[in-house]
Amino acid sequence: YSNTTLVSVFPTLAMGGKRDWVGSAACGSCHAPQLAAWKATPHATTARRFPGKPEGKCLACHGTGEAPAGPTIAVEIGCEACHGAGAGYAEDDLMRDPPVARALGLVDLSTPKARAAVCAQCHRRPLRGKVFDPTAPVHPVKKP
């Protein structure tokens, strides 16, 4: 199915809009291992890098939300900074159907090429002398 087909098949489902943020804690209620792994990353601890309130231009990469043009819901690179505002696709039954979830706003990061395109929006330059590797896991989950 294409996104257009899915939306026409499910016309009563509202697509998540820019301001339909649910926050990383809501994502973690179903994706606990990913949330725990993410909390140990620099993405989760972005706020520590700023002595005060960051400017909107900084929050475009160091926040989750609509910066610099609109509000930021968190000074962190949370789940929705990469996966898209979650209100439209966060329901469990929708999330379990990837084509429908993507049609409702979930950003597909399933391939290295897709991840590289999303990550490159902020990772245009080397960080601390390291070249960005789009194939590296963002929130690796350790197997018990």
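# Questions about a predicted model

Author: In this predicted model, a search of the whole structure finds 2 salt bridges.

Reader: What makes the meeting of Glu55 and Lys57 a salt bridge?

Author: The side chains of Glu55 and Lys57 come to 3.9 Å, N to O. A salt bridge needs a side-chain nitrogen of Lys or Arg within 4 Å of a carboxyl oxygen of Asp or Glu, so the pair qualifies.

Reader: Why is Lys57 called exposed?

Author: Lys57 has a relative accessibility of 62%. Exposed means over 50%, so the word applies to Lys57.

Reader: How do you know that Asp92 and Arg96 meet in a salt bridge?

Author: Their side chains are 2.9 Å apart, N to O. The cut-off is within 4 Å, so Asp92 and Arg96 form a salt bridge.

Reader: Are these two residues, Asp92 and Arg96, exposed or partly exposed?

Author: Asp92 is partly exposed, because its relative accessible area of 37% lies between the limits of 20% and 50%. Arg96, at 64%, is over 50% and therefore exposed.

Reader: How many disulfides does the structure hold?

Author: It holds 0 disulfides. Cys58 is in none, and the nearest cysteine sulfur, that of Cys61, is 9.2 Å away.

Reader: Where is Cys122 found, and what is Cys122 in contact with?

Author: Cys122 lies in the segment after helix 8 (112–119). Leaving aside neighbours within four places in sequence, Cys122 is in contact with Ala60 and Cys61. Between Cys122 and Ala60 there are 62 residues of separation in sequence and 8.1 Å in space, C-alpha to C-alpha. Cys122 itself is partly exposed, at 35% relative accessibility.

Reader: Which residues of helix 3 are buried?

Author: The buried residues of helix 3 (residues 32–39) are Leu35, Ala37 and Trp38. They cover an arc of only 165° around the axis, so they sit on the same side of helix 3. What covers them includes helix 2 (24–28).

Reader: What lines the second largest pocket?

Author: The second largest pocket has a volume of about 880 Å³. Its lining has 36 residues, and the closest to its centre are His31, Gln34, His83, Leu106 and His139. Helix 2, helix 3, helix 5 (79–83), helix 7 (98–103) and helix 8 each give two or more residues. The largest share, 4 residues, comes from helix 2.

Reader: What is the secondary structure of the protein chain?

Author: The chain comes to 8 helices and 2 strands, running α-α-α-α-β-β-α-α-α-α from the N terminus on. Buried residues make up 28% of its 144 residues.

Note on methods. Residues numbered from 1 in each chain as written. Predicted model: local features only at pLDDT ≥ 70, side-chain atom pairs only at ≥ 80, totals over all residues. Heavy atoms only, no water. Buried < 20%, exposed > 50% of the residue type's maximum accessible area, 1.4 Å probe, protein only. Arc of directions from axis to C-beta. Contact = heavy atoms within 4.5 Å. Disulfide = S-S within 2.5 Å. 1 Å grid on protein atoms, 1.4 Å probe; cavity = no way out; pocket = protein on both sides within 12 Å on 5 of 7 lines; lining within 4 Å. Points joined across faces, edges and corners; volume = space filled by probe spheres on them.
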